[in-house]
Amino acid sequence: MSSRLSCQEYCRKCALGRHHFHGQCSGWSCIGRNPGHLSRLIRDALSRRLGERSPEQKLHRFSRWSAKMGPSQSRQVRLSLEKGEFDRRQRPALYEVVNALVNLTAEVQRTLNLRPEPCQIYLIIAVAVVQRYARGESSGIHDGSDPLPEALTSSISRRRIAEISGIPRETVARHVRYLIERGLVAETGTGKLVTPPGLLRSIGPTGLPERLVGEVASVAHRLIKLGVLRLEV
């Protein structure tokens, strides 16, 4: 019996990763002369070798890869905008983004029982409090839900909230009084506003943090499927 494999045998064995396309049989010449003989398995194997993966395959591969990697290695992965594909598919892409934005806002309002304007003000304050920590070099020590040390927190004034939101200062002051009464916001000795320590721990039992991050992950997945976002590893 000849030691050279037939096209069909070669395709099957290479798809199983036994020869790794090292030219150990007549497969290469068969691929070049008779492309119609390529089985689905060999096409899949070639796609894996040449990196011709669909967005879904890339996302699945990344999920498996990131689960094995440490945080420092995972941070080397990024999503980037595919400008040409975005121009071609603006409507579905923007639908996904705006729909996610509506869902995220509704989740916060519903969980904290806040109307739109007080909710917007509350979120501005919450983000301002962790801004110093978020912009610094994170060691990972304070990345959980435990309260941040005071040295890593910031505060914000009513005037600044009005500038950011476009809400009149009088209206901001009224909503802030309500948030303070609810115990969602506290005032420092200098008149600046903060959220009480332990915010993440207090809202953890509601499941809100997981739902917010899950919604962001879902919209990223859908944009990758649309081809609007590219996953770079």
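Analyst: The largest pocket has a volume of about 1000 Å³, counted as the space filled by probe spheres set on grid points joined across faces, edges and corners. A pocket here is an open set of points on a 1 Å grid over the protein atoms alone, where a 1.4 Å probe fits and protein lies on both sides within 12 Å along at least five of seven lines; lining residues have an atom within 4 Å of a point. Keep in mind that this is a predicted model: local features need pLDDT of at least 70 and side-chain atom pairs pLDDT 80 or more, while totals for chains, interfaces and linings use all residues. Residues are numbered from 1 along each chain as its sequence is written, and side-chain values use heavy atoms, with hydrogens and water left out.

So who's around the pocket? There are 38 lining residues, and Ala126, Val130, Thr195, Leu199 and Leu200 are the closest to the centre. By type, the lining splits into 24 nonpolar, 10 polar and 4 charged residues; nonpolar covers Ala, Val, Leu, Ile, Met, Phe, Trp, Tyr, Cys and Pro, charged covers Asp, Glu, Lys and Arg, and the others, Gly among them, are polar. Helices H7 (90-112), H8 (116-129), H9 (131-135), H12 (199-203) and H13 (208-226) each give at least two residues to that lining. Helices are DSSP runs of H or I, at least four residues long, numbered from the N terminus, and strands are runs of E, at least two long.
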